Amino acid sequence: GTAILFPKARRLSEKMSSLYPSNTQFLDDLGSYYLAFKKDSKTALKYYNKALKVDPDNYSAVKNCVLLARKDKNVKLEKKYLQKLAVIGATDNEKAAAKARLESLK
């Protein structure tokens, strides 16, 4: 079941990340594993930030950091990543929504 698949996926992502450190997808996957499956925001944020060190405009990592911060009700952290999302958002609507959310948090 799912309880078996997620740890296997985590191990695979860890291995692939060590083999391909410039590929941020594996770091994003590890962050998502810890955020969604383990409910460990601190470890998830660590992986997302590693991805952002490799690629500062990593959309997936930025978007997931916004979601993580919102879930944890960490307004300071949410503002930090919303500023980035307002610039690199996938669509103009997403950028506008990030800007509007930033304004509402002031």
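In this predicted model, the cover over the buried residues of α5 includes α3, α4 and α6. The residues tucked away in α5 are L77, E78, Y81, L82, L85, A86 and I88. As for the helix itself, α5 runs for 14 residues and spans 20 Å from its first C-alpha to its last, close to the 20 Å expected at 1.5 Å a residue.

Take L68: leaving aside neighbours within four places in sequence, L68 has contacts with L35, S41, A44, L45, Y48 and L77.

Then there are the rings. The model holds three aromatic pairs. One of them joins Y33 and Y34 edge-to-face, with centres 4.9 Å apart and 85 degrees between the planes. Y33 pairs with F37 too, and because their planes lie at 35 degrees, with centres 5.5 Å apart, that pair is tilted. Y33 and F37 are four residues apart in helix α2, so about one helical turn separates them. Y33 counts as buried because its relative accessibility is 8%, under the 20% cut-off. Y34 is buried as well, at 15%, whereas F37 is partly exposed at 29%. Ring pairs tie Y33, Y34, F37 and Y47 into a cluster. Over the ring of Y47 sits the charged end of K46, 5.1 Å from the ring centre.

Technical notes: Residues are numbered from 1 along each chain as its sequence is written. This is a predicted model: local features need pLDDT of at least 70, side-chain atom pairs count only at pLDDT 80 or more; totals for chains, interfaces and linings use all residues. Side-chain values use heavy atoms; hydrogens and water are left out. Contact means heavy atoms within 4.5 Å. Helices (H or I, at least four residues) and strands (E, at least two) are DSSP runs, numbered from the N terminus. The expected span of a helix is 1.5 Å times one less than its number of residues. Buried means under 20% relative accessible area, exposed over 50%, partly exposed in between (1.4 Å probe, protein chains only). Rings of Phe, Tyr and Trp (its six-membered ring) pair if their centres lie within 6.5 Å; planes under 30 degrees apart count as stacked, over 60 as edge-to-face and the rest as tilted. A charge sits over a ring if NZ of Lys or CZ of Arg is within 6 Å of the ring centre and within 35 degrees of the ring normal.
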